[in-house]
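Work through the exercises below with the sequence and the structure open. Each task is followed by its solution.

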Amino acid sequence: MQILVLTLFPEMFTAFWSHGMLRKAIAQESIAAAALNIRNFAADRHQVTDDRPYGGGSGMVMKPEPLAAAIRAAKERAPDARTILMSPQGRVFNQALARELAALPGMILICGRYEGVDDRLGVDLIADELSIGDYVLTGGEVAAMAVIDAVTRLIPGVLGGEDSAECDSFANGLLEHPHYTRPPVFEGAEVPGVLLTGHHRNIERWRLEASLLRTFVHRPDLLQERELTPQEADILRRWHDSLGRLIAERALPADDRRR
Ligand code: 4HQ
């Protein structure tokens with residue numbers, strides 16, 4: 001996948017793709033990545049990229065001409081890439097969108113600064129808009145990095161184990177089970193015994209149950225968005241039955257409010 005970022009701060013990306021999974025993905029040519037400085041596409045002597053907003057008000061707006069020139073130059077380098085503006089009004093980025101983007105031949109990610117970009121950059125220049133969440137950033141760069149990171153790890157051959165990407169949180173729509181490594185006792189806290197038994201079926205069963213419990217407690221909204229496998233339904237039924245028995249045996253009678 002070809003990734004081009006259009007930004008006023010291309011140096012922000014140098015450290016980003018010099019480390020870890022991104023560095024490896026670039027080294028093995030799973031992705032090619034470059035950041036282009038929008039300022040280099042400003043035609044005037046001072047290379048101005050912003051201007052005061054029509055209608056008045058505080059803050060500056062990114063001028064359309066340098067951005068349009070930068071996008072056209074990027075499209076020449078990556079003709080099949082999708083042009084994507086990072087913006088709070090975009091589709092809210094999630095794992096399903098990461099999967100969609102991982103199937104593209106390329107992405108041109110446009111990072112605004114100040115109050116944003118002139119709204120007249122048309123659909124021929126901006127095909128898609130993405131938000132990474134409902135909070136206000138000072139620029140699209142951090143948002144673009146989040147997208148590049150989540151998308152790159154889904155490209156076949158980028159993560160070590162082929163199944164590691166699809167075992168992760170959200171791959172199956174659930175939060176991940178807890179993880180442990182040595183030592184077996186840390187500051188008095190023990191690793192759950194089943195994980196030390198080597199009994200793989202029990203371990204898988206425990207992990208699924210822990211996954212379901214975490215999701216139920218911390219992100220019940222995720223359970224509303226997916227179906228339950230027969231094994232998952234079975235686990236929930238056992239909780240239901242066991243809670244039902246506990247309530248039947250231990251609940252005190254309700255206060256009689258008529259008195
Ligand atoms: N922006 N997800 C860039 C965001 C944002 C977000 C505000 C976009 C500032 C200039 N981008 N403008 N949230 O907050 O993507």
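**Exercise 1: helices H2 and H5**

Describe how the axes of helix H2 (residues 20-27) and helix H5 (residues 141-152) are placed.

Step 1. The two axes come within 10 Å and cross at roughly 65 degrees; axes are lines fitted to C-alpha atoms, for helices over the stretch in contact, and angles run from 0 to 180 degrees between N-to-C directions. Helices (H or I, at least four residues) and strands (E, at least two) are DSSP runs, numbered from the N terminus.

Step 2. On the H2 side, Met21, Leu22 and Ala25 meet Ile148, Asp149 and Thr152 of H5, where contact means heavy atoms within 4.5 Å.

The model is predicted: local features need pLDDT of at least 70, side-chain atom pairs count only at pLDDT 80 or more, and totals for chains, interfaces and linings use all residues. Residues are numbered from 1 along each chain as its sequence is written, and side-chain values use heavy atoms, with hydrogens and water left out.

**Exercise 2: helices H4 and H5**

State how helix H4 (residues 95-102) lies against H5, and list the residues that meet.

Step 1. The axes of H4 and H5 come within 8 Å and cross at roughly 75 degrees.

Step 2. H4 and H5 are therefore roughly perpendicular to each other (65 to 115 degrees; under 35 is roughly parallel, over 145 roughly antiparallel, the rest oblique).

Step 3. Ala98, Leu101 and Ala102 in H4 meet Val147, Ala150 and Val151 in H5.
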